[in-house]
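Please examine the structure shown below together with its sequence.

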Amino acid sequence: MTQAVTIGAQASALARSLTLNGPGATKIPRLVYGTAWKKDQTADLVYTAIKSGFRGVDTAAQPKHYDEPGVAAGVKRAIAEGIVQREDIYIQTKFTAPAGQNHITPYDINASLADKVRQSVNSSLKNFTIAGQEPYLDSLVLHSPLDTLEETITVWETLEDFVPQQIRNLGISNTSQHVLDVTYSKMKIKPAIVQNRFHERTRYETELRASCQDKGIVFQSFWTLTANNALLKSYPVSKVAEGAGVDRVPAYYSLVLGLGKMVILDGTTNEAHMAEDLEGIERVGQWAEGEGVNVWASALKEFKKAIREQ
């Protein structure tokens, strides 16, 4: 009986969404469309992703690597065509400090740090304003800790002023355990999201992910596919792909999601792959809860061993 319950809990980890621990109990999809480096294709790709079934997008107020207005244009097109309503889409953007910007910034580079944050957030809210509706962001992520802990706290405290009306949840990216512990223990609004790389050089963030799990924080992985070709070709991925009748990528994504309170940033530019990833994960979930329950449990155990998570 215990084994069945455990296996069921593992399989249910492939549910379509998770609930964030922020004030609004926001639902976040297990696959969020990543928009970095999409440049002038951004609006069309975001629209295509939503049309294909994605219900979450990640961007940043960082023109150096993202086109936030383009993301907004893609979202608005999907809404205008009746594919979705605003409340159906999880929208996440970021505040990026000057060190991560180029000569184009969403704020006055000479403003105080707190004013930079306010200007950046207001710029993002303006981008995502839907006619006739009060704008809001489902999540605002601090792109990375600043040079000092004091500056990081200043940014976080300024962001807190927008919660919960204009920003529903706060998160942090490219973070260390120490910064996460400080923001979680000392700040009024706790981080609901940690967004970090997932690859061997960071030991797949095993300890940080465990800490997030303990705190009820959702871990968003990026570089999940591009940095892990060996994992994609691994035996447990083959077992899941064969058993569930899906391609390797959704099989691999399913195993990553099976590690716990996880969300994956999926930045594919291929429309067919968009649908395959979404549908494949759902198919794996159905298989893992049915005829594949034992194979799934075995594959997940082997996958954890492959990333040295015991």
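The sections below describe the nonpolar cores and then the pockets of this predicted model.

## The largest nonpolar core

In soluble globular proteins, nonpolar side chains tend to be buried together. In this model, the largest nonpolar core holds 76 residues. The members that touch the most other members are V75, F95, I167, F198, Y252 and W296. Helix α10, which spans residues 248-257, provides the largest share of this core, with 6 residues. Both domain 1 (27-191) and domain 2 (197-309) contribute to the core, each with at least three residues.

## Contacts of Y252 and a separate core

Y252 is one of the core members that touch the most other members. Leaving aside residues up to four places away in sequence, Y252 touches F198, T224, L225, N228, L231, L232, V237 and F303. One of these partners, F198, is likewise named among the members of the core with the most contacts to other members.

## The largest pocket

The largest pocket has a volume of about 710 Å³, and 34 residues line it. Of these, A36, W37, F222, W223 and L265 lie nearest the centre of the pocket. Two or more lining residues come from each of the elements β8 (193-197), α10, β10 (262-266) and α11 (271-288).

By class, the lining of the largest pocket consists of 10 nonpolar, 15 polar and 9 charged residues. Domain 1 (27-191) and domain 2 (197-309) each supply at least three residues of this lining.

## The second largest pocket

The volume of the second largest pocket is about 480 Å³. Its lining has 20 residues, and those nearest the centre are A15, R16, S17, L278 and E282. At least two lining residues come from each of α1 (2-12), β2 (27-29) and α11. The largest share, 6 residues, belongs to α11.

The lining of the second largest pocket divides into 8 nonpolar, 5 polar and 7 charged residues. Where does this pocket lie in relation to domain 1 (27-191) and domain 2 (197-309)? Because both domains give residues to its lining, the second largest pocket lies between them.

Conventions: Residues are numbered from 1 along each chain as its sequence is written. This is a predicted model: local features need pLDDT of at least 70, side-chain atom pairs count only at pLDDT 80 or more; totals for chains, interfaces and linings use all residues. Side-chain values use heavy atoms; hydrogens and water are left out. A nonpolar core is a set of buried Ala, Val, Leu, Ile, Met, Phe, Trp, Tyr and Cys residues joined through side-chain atoms within 4.5 Å. Buried means under 20% relative accessible area, exposed over 50%, partly exposed in between (1.4 Å probe, protein chains only). Helices (H or I, at least four residues) and strands (E, at least two) are DSSP runs, numbered from the N terminus. Domain bounds come from an automatic or database domain assignment. Contact means heavy atoms within 4.5 Å. On a 1 Å grid over the protein atoms alone, a cavity is a set of points where a 1.4 Å probe fits but cannot get out, and a pocket is an open set with protein on both sides within 12 Å along at least five of seven lines; lining residues have an atom within 4 Å of a point. Grid points are joined across faces, edges and corners, and a volume is the space filled by probe spheres set on the points. Ala, Val, Leu, Ile, Met, Phe, Trp, Tyr, Cys and Pro count as nonpolar, Asp, Glu, Lys and Arg as charged, and the others, Gly among them, as polar.
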